[in-house]
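Q: Can you walk me through this model? Keep it quick, please.
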Amino acid sequence: MPSTGTEQHPPTALVIGASRGLGHAMTAEFLDRGWNVVGTVRDTTARTPLRDLADRADGRLTVEHLDINEPGQLPTLHERLAHRRLDVLFVNAGTTSNEQTPIGAVATADFIDVMVTNALSPMRVIEALEDLVSPAGLIGVMSSGQGSITNNTTGGREVYRGSKAALNMFLRSFAARQGETQRAFVLMAPGWIRTALGGPDAPFTIEETVPLIVDVLLSRLGTPGVAYLDRFGRTVPW
Ligand SMILES: NC(=O)c1ccc[n+]([C@@H]2O[C@H](COP(=O)([O-])OP(=O)(O)OC[C@H]3O[C@@H](n4cnc5c(N)ncnc54)[C@H](OP(=O)(O)O)[C@@H]3O)[C@@H](O)[C@H]2O)c1
């Protein structure tokens, strides 16, 4: 198991938005590597894949409740986790809307939903929970290659692109405010992956990508500063 830079064994990851898709698979991957994991879901009554995983995890996976668009829920989550020290805080939750609509035709409600869910809410989570993260720990978010301004030569998926570019800016601002911190900050661009959000035409599977995503996160532990990386650990241009 890679060093987390902390004394805690086994180390602990908090994955926000872990009910299904990439967040669920990342949770399973951390468990496979011997970590303890706290995973959050919006609906605690639903029989999600995360709940099935918790049943098989010998107490190493705790399921907690959070809708990231409900900031009033954050103090309760903080209180429930106050006794734990996190080596990794990773905000995976995200959404999209009709990807074909050019930006000027996007309904205001859709714009607000995607921007709040993908850019504002993840930062609210990080601001609210960051004191639970070890001084040498890692704070990450699921960005996207679509958030790269440099690489956008085609347009399309425009609100989504804008939301992830905004997320990149906000995490960079947060990291800049941390001063001399030892923490690592990662904006992950995982690639186009077959999930509910990625859709059936995505070229990559969860199984082939998530281990690489977790490899990259663990490789950044102990490296202070912010990095926008793909699943192979390559820097993505802003
Ligand atoms: N798949 C791709 O190709 C791809 C590429 C680049 C980036 N990403 C990013 O990867 C992340 C995960 O996407 P995915 O592909 O795994 O999609 P997914 O299967 O649709 O899963 C989305 C996850 O986000 C959660 N979520 C959505 N809104 C939430 C909210 N308000 N509060 C709490 N949780 C919320 C969902 O919870 P519920 O079960 O409650 O809905 C679910 O766990 C997203 O940030 C996405 O933008 C995906």
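A: A definition to begin with. A residue is buried if 20 or more other C-beta atoms lie within 10 Å of its own, exposed if 12 or fewer, and partly exposed in between, with C-beta atoms placed from the backbone. Ile126 is buried, because 22 other C-beta atoms lie within 10 Å.

Q: What kind of model is this?
A: This is a predicted model; local features need pLDDT of at least 70, side-chain atom pairs count only at pLDDT 80 or more, and totals for chains, interfaces and linings use all residues. Residues are numbered from 1 along each chain as its sequence is written.

Q: Back to Ile126. Where is the place of Ile126?
A: Ile126 is in helix α4, residues 108-129. Helices (H or I, at least four residues) and strands (E, at least two) are DSSP runs, numbered from the N terminus.

Q: Which residues is Ile126 in contact with, leaving aside neighbours within four places in sequence?
A: Leu89, Val91, Ile139 and Phe174. Contact means that the two C-beta atoms, placed from the backbone, lie within 7 Å.

Q: How many helices and strands are in the chain?
A: Six helices and seven strands. Along the sequence the pattern is β-α-β-α-β-α-β-α-β-α-β-α-β.

Q: What about overall size?
A: The C-alpha trace spans about 50 × 40 × 35 Å along its principal axes. Of the 238 residues, 43% count as buried. Among contacts with a separation of 6 or more, 69% are between residues 24 or more positions apart.

Q: In which sense do β2 and β3 pair?
A: Parallel, over five bridges; β2 is residues 36-41 and β3 is residues 61-65. Strands count as paired if DSSP finds at least two bridges between them. Val38 stands opposite Thr62 in β3.

Q: Is the unit of β2, helix α2 and β3 right-handed or left-handed?
A: Right-handed; α2 is residues 49-55 in this β-α-β unit. Right-handed means that, with the strands pointing away from the viewer, the path from the first strand over the helix to the second runs clockwise.

Q: And how many bridges join β6 to β7?
A: Six, with β6 (184-189) and β7 (225-230) running parallel. Phe185 has Val226 in β7 as its bridge partner. From β6 the chain crosses through helix α6 (206-220) to β7, and this β-α-β crossover is left-handed.

Q: New topic. How many residues surround the ligand?
A: 28, and the closest are Gly21, Gly94, Thr195, Leu197 and Gly198. A residue is near the molecule if its C-beta atom, placed from the backbone, lies within 6 Å of it.

Q: Which helix gives the most to that shell?
A: Helix α1, residues 21-32, with three residues. By class, the shell has 12 nonpolar, 12 polar and four charged residues. Nonpolar covers Ala, Val, Leu, Ile, Met, Phe, Trp, Tyr, Cys and Pro; charged covers Asp, Glu, Lys and Arg; the others, Gly among them, are polar.

Q: Is Asp58 buried or exposed?
A: Exposed, because 8 other C-beta atoms lie within 10 Å.
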